[in-house]
Amino acid sequence: MKEKRIKKEELILQLAQSLSQAVDHSQEEKVKMGLGLLGDYFQANRVFLFFYDPNQQTFSLAHEWFAGNDYSLKDSLQLLSCRDYKIWGHFEHRKSCFGIPNTGNLPDSYPFDSKLFQDTHTRVFMQKLLSFDGHKLGFIAVSGQNPEISWDDESVLLLDSCGEILKSLIADLAFRHSREQVDNDQKKSSEILFKTGQEDIVEKLEVLLNDLQCGIAVVDLADQAIVFMNTRCRDLFGIANQKLPELEHLFKVFKANGYNSHDFFSMASHGKVKDFTLNHIDRCLNGTVIPSKKGMQVVVSVNDITPLANYEKAEKSFNARLKLISETAIELISQHADAQKLNQLIGDTAFKLVNNSIIFLSRFNPDGSYLETVYVKGISYPMEVLAKFIGKHPMEMKYPVRRDSENYNVMISSRVKELKNGIAELSLGEISESVAVKIEKQLGVSKIFVCGLFTENELYGTIAFLCRQGAEINHYILETYARTVTNALSIIEMGNTLVKTSLMLSEALKIAKVGYWEFDFKSRKLTLTRKLYQILEPELAKNTTGDYFYLDLDEVLAKYVSKKNDVSFIRETVSQLAKAGKDDNKIITHEFQIESSAGETYYIFVRGVLQNDHKIVGMAQNITETKRVEKKLWESELKFQGLVEQSMDSIVVVKDDGVVIEWNSSAEKITGIKSSDAIGLFAWQVESELLFNPELNKHHPQQLPEKLKNRFFSFFNSGFSGSPQQSEITIRNRNNEVRHLLVSSFIFNAGNNRFLCRISKDITLEREKLEQEKQNEIRQRTAKAKDLFLDNMSHEMRTPLGGIIGMTDLLLNTELSEQQIDMLNVVKESSDTLLELISNINDLSRLEADGVVLRKAPFSISLLLERLVAIFRAVSVQKGVEIRYVNNTPAGYLFVGDEFRLRQLLGNLLGNAVKFTPPGGEAEIRADLLKQEDGTADLEFRVTDTGIGIPKERIPGLFEKFSQIDDSYTREYDGAGIGLFICQELVKLMEGEIEVTSEMGKGSLFKVRVRMPLQKDE
């Protein structure tokens, strides 16, 4: 497989050249060459050529090309059924050329096709039908194994064109193959006839010969009558009835074609085989008269060769057109001095190539940027009327006036788009529907083809073929003629340029410091002009006369050429040229460094041509100044390139035609697009991969390249100049990252071109930092407002609550009924609960606002536990729950920490233990010293109860804010669900841990581990 794919133009040119290699290669070899070219271009694994047998409804592999170490499949792909091969139906009902991007996606109703693809290891597939004069010859199939290969619609269209080019070669092979089958049938029929006895000839002939595809008739010369004629023979001679015709009917057909039928079938011709060719009922028939060995019968074998005759006729017409194109190319070059004759020759030849057509030749006017008609052929309208009728076609930016533009291949393609009722044209200008109707009605045109003509990549003009109904159109002929005219026009343009520059050549030689040199292989002498000798020996040249100087080559190399590589190159080149033939037109070019006798260094560029007299003659140019300038320029470009690559900002430079020429490493990081994927492409193609303002375009991703293209040219053509324009944009790059950019754009001129430079600074971190600072400021303001509100509300609520609680206690100490006491107890419990809730909310607010600061002071664990139990003693006694504490910490030691917050933490846990333990249960708080070292102690507090327990599935969310074990409306135990959340936050402040284990109906265990400094109690 070739590393580089053949270009489309080269592929078509090589296929066309194979048509003219009649002497060097056979038809089969040329077809195999063509299949190989297709395989190389499409990077295929196999290319097949199948022939179709219409009689048997089968197809067989005739020729194949395969790559690498693959093996031939020819023997295994024979007599395949068209009925089973359902893709054949595409030829019958859809189109002649199509592709299958993934053969694994064929439906289950294609079992034969799927197995065929599997057996040939085919992953991607294209197929082109080959037909001639309405007869199907077979098809070309291209298959690939690589799943990464993607053959698009353009590839299918290219295969279609290549198949048309190869069709003339393949048709010859197909007809020859068919003729061989016919000959075999004729031979078979003769053997059957002459092995059959006279007595039962009619009976056996009816059975054995009616199925043959060639016509068979048996003539009895003695009786001058036809004794048998099969069905195929009746059809070929136009005999519809079943009765045997008179022999005279056969004689009339032969007589109409110039044969003396009585002599042709006379008894005197016994023993001689005669061939004949007949034209009868729009058919071309070919056959043989074969005499029998016994008796007076002859067998007439006849076959329909109309397709072959039509092919030969078409091939002669095709070759005649190619000859006309070649003759026109030679004549064009000789007409370059007369523009009118040049246009007439181009138009007249185009008219001869397509019958029943109108030819319009247009020239491109670069001043007004439009096409104007300069020559018309095939219509009687005056030129002025036609010019007004056709008008001028403006060339807009989207249509190319250069061959190397992106739309050139679309413009010169002969595949057209339908506009209205068969009127079509290429994409060089738009024809509106009204104009199409006018052309159709007034000129009687059914199709329009336009071919672009270029000189030196610049648009010269167009040839328009306006084809009437029945016009004979060959796309290959049209494209070949357009290319031929283009090449001829380029040669003419070059000739004109040479004429203009020849007057300035001598002056240019002086300016360029060029000298003449010559080398003789026999004498090994080098002849130099004075200018060249002055460079080598400036002092000697002053004191020497003459225009030419003769030096030995080895002496020159040893004395003046300073680099060993240059010496080796010159010696090897001279040695190779000495062995070259006289007819070899060898050209050498080289640039080397020399040292003069005065010690000066010079750079010399030489160009030489091998002559028939076994000499090399050439020119030499002193390019020392050029090299110095190039070196400075290179150093300058190197510094500039280094600055660009090391820049922390993205730098992108775009030429005025939209092509990206610079894309530094910072641009790669910001966009996620590599420079190799950007440089050389159009800016709008690259930018279409980015999503601009992603927060606004969530449902509308990347913009279309066409929209970005219009925006680019709108900016470029706005006449903007002066200081750079700055703007802030947000993009989502190829790596799905959001980037905030500060973009500076400006236009600058360099040489004859204008460029757009975009410098983008990544301000993502600054934007994020600014946004974070805003959010922090908002949070701080919100927290302060909330704290102020809670403090005020807490103060305002505590004051009336204090009064309610105080008055309730006073009322409880008076004489009251039992019902009143119960009611007041409810009021007191509710007030206490509300007061606790206010305290918890205040604590929660401080914790969330990071407003809780731990104070460190020595305290006693024993006193802490004793006070905690004392606080809840009254509640536990009233509820009937036994409460106790256990202290396992060493006596005589104090712990340094925030006793208030630790008591709050443990108090919440102990309060919950009493609350959720039913009467008769127990609650315990216990302190243990786990480890003591280096003046610190690891403490563990355990709060256990024999209460209702916690479901296992609720334990993970137990410490969440406002979380409760029973969240139903009828839960038995009241609470806001923030006590355990406060406990967890306090543990985090103390850099400790809290965990819980529980079993439903048996109680819970909360463990709190903290580390505190330890000191002795003095």
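**Ground rules**

This is a predicted model: local features need pLDDT of at least 70, side-chain atom pairs count only at pLDDT 80 or more, and totals for chains, interfaces and linings use all residues. Residues are numbered from 1 along each chain as its sequence is written, and side-chain values use heavy atoms, with hydrogens and water left out.

**Stop 1: the largest cavity**

A cavity here is a set of points, on a 1 Å grid over the protein atoms alone, where a 1.4 Å probe fits but cannot get out. Lining residues have an atom within 4 Å of a point. Grid points are joined across faces, edges and corners, and a volume is the space filled by probe spheres set on the points. The count is 5 cavities of 30 Å³ or more.

Select Trp517, Leu526, Ile570, Phe592 and Val606. Of the 25 residues that line the largest cavity, these lie nearest its centre. The space inside is about 460 Å³.

Now colour by element. Helices (H or I, at least four residues) and strands (E, at least two) are DSSP runs, numbered from the N terminus. Which strands and helices each supply at least two residues of this lining? The strands are β19 (514-520), β20 (525-529), β22 (587-595), β23 (601-610) and β24 (615-622). The helices are α17 (530-536), α19 (553-559) and α20 (564-579).

Then colour by class. Ala, Val, Leu, Ile, Met, Phe, Trp, Tyr, Cys and Pro count as nonpolar, Asp, Glu, Lys and Arg as charged, and the others, Gly among them, as polar. The lining of the largest cavity has 22 nonpolar, 3 polar and no charged residues.

**Stop 2: the second largest cavity**

Move to the second largest cavity, with about 100 Å³ of space. It has 14 lining residues, and Phe48, Phe50, Leu116, Phe117 and Phe125 are the closest to its centre. Two or more lining residues come from each of β1 (46-53), α4 (111-119), β5 (124-132) and β6 (135-144). β6 gives the most, with 3 residues. By class, this lining has 10 nonpolar, 4 polar and no charged residues.

**Stop 3: aromatic rings**

Rings of Phe, Tyr and Trp (its six-membered ring) pair if their centres lie within 6.5 Å; planes under 30 degrees apart count as stacked, over 60 as edge-to-face and the rest as tilted. The whole structure holds 14 aromatic pairs.

Select Tyr85 and Phe139. This pair is stacked, at 6.1 Å centre to centre with 15 degrees between the planes. Tyr85 lies in the loop between β3 (80-81) and α3 (88-93) and Phe139 in strand β6, so the pair ties together parts that are 54 residues apart in sequence. Buried means under 20% relative accessible area, exposed over 50%, and partly exposed in between (1.4 Å probe, protein chains only). Tyr85 is buried at 1%, and Phe139 is buried at 1%.

Next, select Phe254 and Tyr259. They form an edge-to-face pair, 5.8 Å centre to centre and 65 degrees between the planes. Phe254 is buried at 0%, whereas Tyr259 is partly exposed at 24%.

Pick Arg46 and Tyr71. The charged end of Arg46 sits over the ring of Tyr71, 5.5 Å from its centre. (The rule asks for NZ of Lys or CZ of Arg within 6 Å of the ring centre and within 35 degrees of the ring normal.)

**Stop 4: the largest nonpolar core**

A nonpolar core is a set of buried Ala, Val, Leu, Ile, Met, Phe, Trp, Tyr and Cys residues joined through side-chain atoms within 4.5 Å. The largest has 41 residues, and Leu902, Phe941 and Phe1006 have the most contacts inside it. Elements giving two or more residues include α27 (861-879), α28 (899-915), β34 (922-933) and β37 (1003-1016). α28 gives the most, with 7 residues.

**Stop 5: single residues**

Select Lys709, in helix α24 (residues 705-716). Is this lysine, Lys709, buried or exposed? Lys709 is buried, at 12% relative accessibility.

Finish with backbone angles. Most residues other than glycine have a negative phi. Asp282 has a positive phi, near 60 degrees. Asp282 sits in the loop between β9 (274-280) and β10 (283-291) and is exposed at 80%. Asn736 has a positive phi too, near 65 degrees. Asn736 lies in the loop between β28 (725-732) and β29 (738-750) and is exposed at 53%.

Definitions and conventions: On a 1 Å grid over the protein atoms alone, a cavity is a set of points where a 1.4 Å probe fits but cannot get out, and a pocket is an open set with protein on both sides within 12 Å along at least five of seven lines; lining residues have an atom within 4 Å of a point.
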